[in-house]
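Please read these notes with the model open beside them.

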Amino acid sequence: MKLIQSFGPNPRVVRMFLLEKGVEVASEEVDILDGETHRTPYLDRNPTGLSPSLELDDGTILGETVAICELIEDFHPKPVILGADPIARARSRMWYRRVELLITEHMYNAFRYGHAYELFRDRTYCIPEAAEGLKEKARVGRHWLDSLMHNHEFITGDTLNLADIILYCCWDFTKDLGQPIETELKNLYPWYQRMSERPSAQASVHPASEKIGMVG
Ligand SMILES: N[C@@H](CCC(=O)N[C@@H](CS)C(=O)NCC(=O)O)C(=O)O
């Protein structure tokens with residue numbers, strides 16, 4: 001199994017997930033700033049032109065961060081992050097879909113259409129006038145999530161979930177890029193601080209982050 005990856009919050013989710021699982025995999029680096037993922041041969045492997053991808057030993061290549069993490073947990077069930085039985089698994093998936101659909105996807109698109117428009121304008125269809133509205137939708141989503149956390153340590157309760165890793169990596173990335181952490185969030189702000197203290201949080205940051213000037 002080989003992780004084809006780069007700087008960036010989505011590949012960081014997989015790195016952090018692997019660290020939390022205690023699983024090591026081979027790694028191949030691609031340069032997303034240079035646009036390498038939008039050219040062949042990467043495009044032949046993952047037609048979205050996005051990082052990360054996972055190459056299996058039989059040559060199969062998978063994209064999508066969540067699909068990659070789910071497969072890693074199938075191959076390495078312990079420690080359990082995605083749920084030990086079908087209902088726990090469904091509950092877990094329910095939460096990371098909510099986090100992605102109601103919060104992080106808006107944050108990433110606000111970044112692409114706004115702060116990083118010059119980088120993305122030739123890579124993807126951008127809607128610059130939507131950037132501020134998407135930031136606001138994400139803010140509403142974060143406040144909604146905050147209101148549901150009820151002093152739980154993690155988003156889904158008392159154990160770490162992929163939903164935590166997805167939101168943490170996204171927010172740690174966008175916080176200095178026009179979408180600051182709201183310190184008034186009484187559950188999510190302390191959660192963000194606790195997540196930052198996990199050894200996997202620091203260890204998953206790409207070595208090029210400092211040079212690039214973004215945390216991913
Ligand atoms: N839906 C994809 C999104 C992946 C994604 O947006 N990756 C970013 C890095 S965090 C990327 O490759 N950006 C380069 C680009 O958009 O050109 C996933 O979940 O893996």
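1. The radius of gyration is taken over C-alpha atoms, and the globule rule is 2.2 Å times the number of residues to the power 0.38. For 216 residues, that rule puts a compact globule near 17 Å; the chain has 17 Å, so the two agree. Along the principal axes, the C-alpha atoms fill a box of roughly 45 × 45 × 30 Å.

2. On the source: this is a predicted model, in which local features need pLDDT of at least 70, side-chain atom pairs count only at pLDDT 80 or more, and totals for chains, interfaces and linings use all residues. Residues are numbered from 1 along each chain as its sequence is written.

3. The chain holds ten helices and four strands. Both are DSSP runs numbered from the N terminus: helices are H or I with at least four residues, strands are E with at least two. From the N terminus on, the order of elements is β-α-β-α-β-β-α-α-α-α-α-α-α-α.

4. The four strands form an open sheet in the order E2-E1-E3-E4, with mixed pairing. Strands E2 (26-29) and E4 (61-63) are the edges, each pairing on one side only. Two strands pair if DSSP finds at least two bridges between them. Strand E1 (residues 2-5) runs parallel to E2 and is joined to E2 by four bridges; Leu3 has Ser27 in E2 as its bridge partner.

5. Which residues are around the ligand? They are Gly8, Pro9, Asn10, Ile32, Thr37, His38, Leu50, Ser51, Glu64, Thr65 and Arg123. A residue is near a molecule if its C-beta atom, placed from the backbone, lies within 6 Å of it. By class, this shell has three nonpolar, six polar and two charged residues. Ala, Val, Leu, Ile, Met, Phe, Trp, Tyr, Cys and Pro count as nonpolar, Asp, Glu, Lys and Arg as charged, and the others, Gly among them, as polar.

6. Thr65, one of the residues around the ligand, lies in helix H3 (residues 65-75). Thr65 counts as buried because it has 26 C-beta neighbours inside 10 Å; the cut-off for buried is 20 or more other C-beta atoms within 10 Å of a residue's own, with C-beta atoms placed from the backbone. In the chain as a whole, buried residues make up 39% of the 216.

7. Leaving out residues up to four places away in sequence, Thr65 touches Asn10, Val13, Val14 and Pro52. Contact here means C-beta atoms, placed from the backbone, within 7 Å. Asn10 is also among the residues around the ligand.

Terms used. Buried ≥ 20, exposed ≤ 12 C-beta atoms within 10 Å, placed from the backbone. Contact = placed C-beta atoms within 7 Å.
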